[in-house]
Amino acid sequence: MRIWYQSTTEIENYHGYREALRAHFARIANPDTEVTLRGTPVGTWGGLAPSDVMKAPYAYHMILSRILFDGALQAEAEGYDAFILGSFTDPWLRELRSAVDIPVVSLLESTLLVGCTVAPRLGLVTMNTENEWFLQSNIAAHRLESRISGVYVVQPEMTEWELNTIFTDPAPYVARFTEVARRAVASYADAIVPAEGLVAEVVATCGLKDVDGAPVLDAIASAICFAEMAVKLHKRTGLHAGRRWNYTRANDQIMRFAKGAAAIAR
């Protein structure tokens, strides 16, 4: 089994995060599963913090959308069995699922669905207020508002500039995360979701698995295991994305035209 994990960070610039993710994949995936980590090309964000860019929908779309669509189409063409959208902002999830026949797994959606198997209400703990807004919007899009007790931001807010240094000494950040998670549990969360890829990786690397009786979900592991399950169901039962309404896939003629139009636009 081959899984393409698509991060929205310039992963080659962040050695600590990159190596932590690769080690995480090796710990979690089945021995016969190959997980390939892909990031955005160096220079994608022009030296800006993605959290600053994603506040402006037009800029976020123009910078990121083509990278994600090209990645999903390339993954399918190269024989990958699944594509993981490795961002809790869920960019263009509907469109990506309509573009390919292999399973497209959302980091946010898979973690929330796994969380629903262990807790009636989940507390989401994230890195900054921009992510908080995206999470609130995407929770509503997935129709899971009733299963979320709240979204909480760790203070002081972490930025993408800490992507490398955070793995050198993650303990102080995890202590701040734990403090916020305790507030979430006190507000009736029965499980905690580290709700951002970097936050999830830092928390998992430190081995934090429980806060005051509430399990702390491993979001990266949830996505990998969910993708493995989706591939098995796809291959063994023929399960695929619903094509009648929400994830309608264009016929071959339209797909060829769309790809040609995209190439001309470049």
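This is a predicted model: local features need pLDDT of at least 70, side-chain atom pairs count only at pLDDT 80 or more; totals for chains, interfaces and linings use all residues.
**Glu12 and its surroundings**

- Glu12 is partly exposed, with a relative accessible area of 49%.
- Leaving aside residues up to four places away in sequence, Glu12 touches Arg18, Arg22 and Val42.
- If you go from Glu12 to Ile28, you move 16 residues along the sequence and 22 Å through space, C-alpha to C-alpha.

**Salt bridges**

- The count for this model comes to 10 salt bridges, and a few of them are worth a look.
- One of them links the side chains of Arg22 and Glu19, at 3.3 Å from N to O.
- Arg22 and Glu19 both belong to helix α1 (residues 15–28), where they are three residues apart, about one turn of the helix.
- Another salt bridge brings together the side chains of Glu130 and Lys55, at 3.8 Å from N to O.
- Glu130 is in helix α6 (residues 129–141) while Lys55 is in the loop between α2 (50–53) and α3 (57–77), so this pair ties together parts that are 75 residues apart in sequence.
- Buried or exposed? Glu130 counts as buried, at 18% relative accessibility, whereas Lys55 counts as exposed, at 52%.
- Then there's the salt bridge between the side chains of Arg243 and Asp101, at 2.9 Å from N to O.
- Arg243 comes from the loop between α9 (219–237) and α10 (252–265), and Asp101 from the loop between α4 (93–99) and β4 (104–106), so the pair ties together parts that are 142 residues apart in sequence.
- Asp101 counts as partly exposed, at 39% relative accessibility.
- Back to where we started: salt bridges that share partners join Glu12, Arg18, Glu19 and Arg22 into one network.

**The four-stranded sheet**

- Four strands make an open sheet with parallel pairing, in the order β2-β1-β3-β4.
- At the edges you'll find β2 (34–38) and β4, each of which pairs on one side only.
- On average, neighbouring strands here are turned by 25° against each other, direction ignored.
- Strand β1 (residues 2–7) runs parallel to β2, and five bridges join them.
- To spot this pairing, look for Ile3, which stands opposite Val35 in β2.

**The three-stranded sheet**

- Three strands make another open sheet with parallel pairing, in the order β6-β5-β7.
- β6 (148–153) and β7 (191–194) are at the edges with a single partner strand each, so one side of each is left without a neighbour in the sheet.
- Neighbouring strands in this sheet are turned by 20° against each other on average, again ignoring direction.
- Strand β5 (residues 122–126) pairs with β7 in the parallel sense over four bridges.
- Within that pairing, Gly123 has Ile192 in β7 as its bridge partner.

**Helix α8 and its contact with α1**

- The axes of α1 and helix α8 (residues 197–205) come within 10 Å and cross at roughly 65°.
- The crossing of α1 and α8 is left-handed.
- On the α1 side, Tyr17, Ala20, Leu21 and His24 make the contact, meeting Gly197, Leu198, Glu201, Ala204 and Thr205 in α8.
- Sorted by type, the residues of this contact are five nonpolar, three polar and one charged.
- How many of the nine residues of α8 are buried? Eight are, so α8 is largely enclosed by the rest of the structure.
- Those buried residues are Gly197, Leu198, Val199, Ala200, Glu201, Val202, Val203 and Ala204.
- The buried residues of α8 pack against α1, α5 (107–115), β5, α7 (171–186), β7 and α9.

Key:
Residues are numbered from 1 along each chain as its sequence is written. Side-chain values use heavy atoms; hydrogens and water are left out. Two strands pair if DSSP finds at least two bridges between them. Helices (H or I, at least four residues) and strands (E, at least two) are DSSP runs, numbered from the N terminus. Axes are lines fitted to C-alpha atoms, for helices over the stretch in contact, and angles run from 0 to 180 degrees between N-to-C directions. A salt bridge is a side-chain nitrogen of Lys or Arg within 4 Å of a carboxyl oxygen of Asp or Glu. Buried means under 20% relative accessible area, exposed over 50%, partly exposed in between (1.4 Å probe, protein chains only). A crossing is left-handed if the near helix is turned anticlockwise from the far one by less than a right angle, and right-handed if clockwise. Contact means heavy atoms within 4.5 Å. Ala, Val, Leu, Ile, Met, Phe, Trp, Tyr, Cys and Pro count as nonpolar, Asp, Glu, Lys and Arg as charged, and the others, Gly among them, as polar.
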